Amino acid sequence: MDTDGTRETRPDRTGHIPRPAAPPKPSHAPTSGPTLGDWLRVPRSSDGPGVWTYGHVPRAAEEPEETPTRQLVSGALISLLAGLLLWSLLVNMYLGGFWLWPLYMFTPDSWAHTTAAVVASYVWYGIVIGVLVFGFGRLGRWPELLRRLLRSRAVRPLQTAAPTGPEAGSEDDPARWPELRGVGLGEVADRLEGEAGGGRMNDVDYTRIRRAWDSVRVDPSRMRAFADSVRDKGAGACVHPSGARDLPVRAARHDLLARQVLLGTVADGVRNPYARRGTSLALDPDVLGTSLLAVGPSGTGKTRQLVRPVVESLALQALAGQAAVVAVGAAGAQLGPDAAYDVVVRIGDPASVYDLDLYGGATDPDEAATLLAEAFVGDVPGTDVRRAATALAQLLGPFRAAHGRFPAVPELRELLDGLPAALDALRRELDGQPAMLRELDARTRQHGAHGDPGAALADRVALLDRPAFAGFFDTTGQGRPFSLRALEHPIRVRVDLPERGHADASRMLARLLLAQFNAAAAARADRSLFAFLALDDASHTLTSQTVRGVQRLRSAHAGVLLTLRTLDDVPEELRTPLLGAVGCRMAFSGVTTWDGKRFAEAWGTEWVETRDVTHRTVFADQPLTRAIHAFRKLVTGKAVTTDAVTVRQVERERWSASDLAHAVPPGHAVLSLTSVRGERAAPLLVRLAGSA
């Protein structure tokens, strides 16, 4: 041990000095930024969907008119020359001596030929020069020219004054919990204020406790339990069932008070409305409730710059008791660490703790059959999904009546294949249940007939009856299956699909999860939580029924996020309905003109003002004029012309297919938003956060 208290590093037997051990990796990133109290006191205002409300200052609706610099310079020179000419005429008495009368009137005769008279004369000259400078300066707009030269802008943006929040320690300071003090819970408010002042409360804690207080206001019988919990646990009161009070790591900037995640910055260009240029853009449940479709080729940042921040935001809201989120992606997709989720389902991984409920928690055979039919054969051309659902129901109903559960994958495959041993065994179990026997006999008669969907269903079930999936989709109660019926709870779920080795099975499971989410979100008895499904790759997973289900989610306080590499991954007859079903559409840089055409049609047209300039050659009749024109053409190389300007209103596409394909820079995207209340934001060119 050295004298300074550090351990001495000695060489080993070979003479090599070992490298000292690295310090342990911190579990959380270092915190920076404002304190919780300062964060709460920042005013939040919005003037449209998608505006980052944290400290937002609204801009003017229209861009101020800007005079060209050349015109300003010429006007300033002309006014300067006019002022000098007038001063010269005054000094040389060409206009008379009237401008000296005030000097003669206010100076006594005794001052003649004295120093005082000279001083008074120069003072009066200075006053006259100041008046000339002021008058001709205003006439030539000299101040505006100086601002243009010094600040490179002729007119400052017309902005309203930045709103100010409440002062620290005031009665309406949100950090002092005035709502609790107003109902006599001063002790509880003091405890929470002390937790925040001592740094023991974060934004998730504040939002979660505030959410709990809102529930108390709805049901006052919970007030005593709420107060006791806060007194005992402080900032840890009303904690999430997982016990977590924050995520292990945050990859984006969040404002939980407004339930927003910062997505990027609206580009400061003519393609965007002036009021939105340079403002920050964010997503929240108000716009995500209309669902979002994002299209862009691989490598454009759909997962890193869109899916991950949105899922992370909703995971934080789930910890605050405001949302339930399910993220579905290929195994290895960067959707966040395992510790950021309550349930992680790794389909095909023997080490997975959780399983997936193939029937979505349904207990009705007809409902379960409808969901399975949509997932199994919803993408098969020429297959009637309703007949497939009927065929499945004719097997699921009798099996559940006989065994009290739905069949596992191998059992369902045997029944769909029509194996006599499986059917005879089920028929023996149904002794004394004539209704179920009739269902089973009807399925037996239809098996192998023309148009029977049983063969197609059996082929799709065979994709799940593989050794890699042994032990999954268990229905005997031995595993821990996850069901989307859990959306009534603030749960965080990630489902990893085996995209690499079992692409067809992964797409089928993605269709199943989307169909189950649509059904579960609409069937919730308690819709206070915002339910959200993020499908990192929705290629070949959309059907006509699921598209209609997505459109109905906004009334169920739910939404989905779908990403595609191209719209060609969706059946042609569903591309237009899909763009109409979602309220938010996003086109990343690099989309093809074919995809751009679909987006251009969805975004429609707008009226714009255009200026057409026509150059007409001037033909002179007089000899002197012709000579002057000839000399001018010799000097400039151009004929003398006059300009005819025509201003008119024309209807043009907001974004054309060619512009979407070629004019969107890397790291940018064009995004249109619609809120659940019907507010709309025109397509905006956005520079995504994290872009180089």
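In strand β11, the residue that bridges to Leu-293 is Leu-562. That pairing belongs to a set of four bridges joining β4 to β11, and the two strands run parallel; strands count as paired if DSSP finds at least two bridges between them. Helices (H or I, at least four residues) and strands (E, at least two) are DSSP runs, numbered from the N terminus. This is a predicted model, in which local features need pLDDT of at least 70 and side-chain atom pairs count only at pLDDT 80 or more, while totals for chains, interfaces and linings use all residues. Residues are numbered from 1 along each chain as its sequence is written, and side-chain values use heavy atoms, with hydrogens and water left out.

Strand β11 also has β10 (residues 530–535) as a parallel partner, through five bridges. Here Ala-531 stands opposite Ala-558. How many of the residues of β11 are buried? Seven of the seven are, so the rest of the structure largely encloses the strand. Buried means under 20% relative accessible area, exposed means over 50%, and partly exposed is in between (1.4 Å probe, protein chains only). Ala-558, Val-560, Leu-562 and Leu-564 point one way from β11, while Gly-559, Leu-561 and Thr-563 point the other way, and all are buried.

Now for helix α20 (residues 572–581), whose buried residues are Leu-574, Arg-575, Leu-578, Leu-579 and Ala-581. Looking down the axis of α20, these buried residues fall within an arc of 155°, so they line one face of the helix; the arc is that of the directions from the helix axis to the C-beta atoms. Their cover includes β4 (292–295), α19 (544–551), β11 (558–564), β12 and α21 (593–603). Arg-575 counts as buried because its relative accessibility is 15%. Setting aside residues up to four places away in sequence, Arg-575 touches Leu-567, Asp-568, Val-570 and Arg-598, where contact means heavy atoms within 4.5 Å.

Strand β12 (residues 584–588), part of that cover, leads on to β15: four bridges join β12 to β15, and they run antiparallel. Phe-588 stands opposite Ala-669 in β15. Ala-669 also stands opposite Val-686 in β16, and six bridges join β15 to β16 (residues 680–688), again antiparallel. The hairpin of β15 and β16 has five residues between the strands, and in it Gly-678 takes a positive phi near 95°. Seven of the seven residues of β15 (residues 668–674) are buried, so this strand is largely enclosed by the rest of the structure. Both of its faces are covered, with His-668, Val-670, Ser-672 and Thr-674 buried on one side and Ala-669, Leu-671 and Leu-673 buried on the other.

Next, the cores. In soluble globular proteins, nonpolar side chains tend to be buried together. A nonpolar core here is a set of buried Ala, Val, Leu, Ile, Met, Phe, Trp, Tyr and Cys residues joined through side-chain atoms within 4.5 Å. The largest one has 91 residues, of which Leu-293, Ile-347, Phe-376, Leu-464, Phe-473, Phe-482 and Phe-517 touch the most other members. Helix α18 (residues 503–522) supplies the largest share of this core, 10 residues. Not counting residues up to four places away in sequence, the contacts of Ile-347 include Leu-356, Phe-469, Phe-472, Phe-473 and Leu-509. A second, separate core of 42 residues includes Leu-256, Leu-319, Leu-671 and Leu-673.

On to the rings: the whole structure holds 12 aromatic pairs. Tyr-122 and Tyr-125 have ring centres 6.2 Å apart and planes at 90°, so they make an edge-to-face pair. Rings of Phe, Tyr and Trp (its six-membered ring) pair if their centres lie within 6.5 Å; planes under 30 degrees apart count as stacked, over 60 as edge-to-face and the rest as tilted. The two tyrosines sit three residues apart in helix α4 (residues 115–140), so about one helical turn separates them. Tyr-122 is exposed at 59% relative accessible area, whereas Tyr-125 is partly exposed at 30%.

Trp-177 and Tyr-206, with centres 4.7 Å apart and planes at 45°, are tilted. Trp-177 lies in the loop between α5 (142–151) and α6 (178–182) and Tyr-206 in helix α8 (residues 203–218), so their pairing ties together parts 29 residues apart in sequence. Both are buried.
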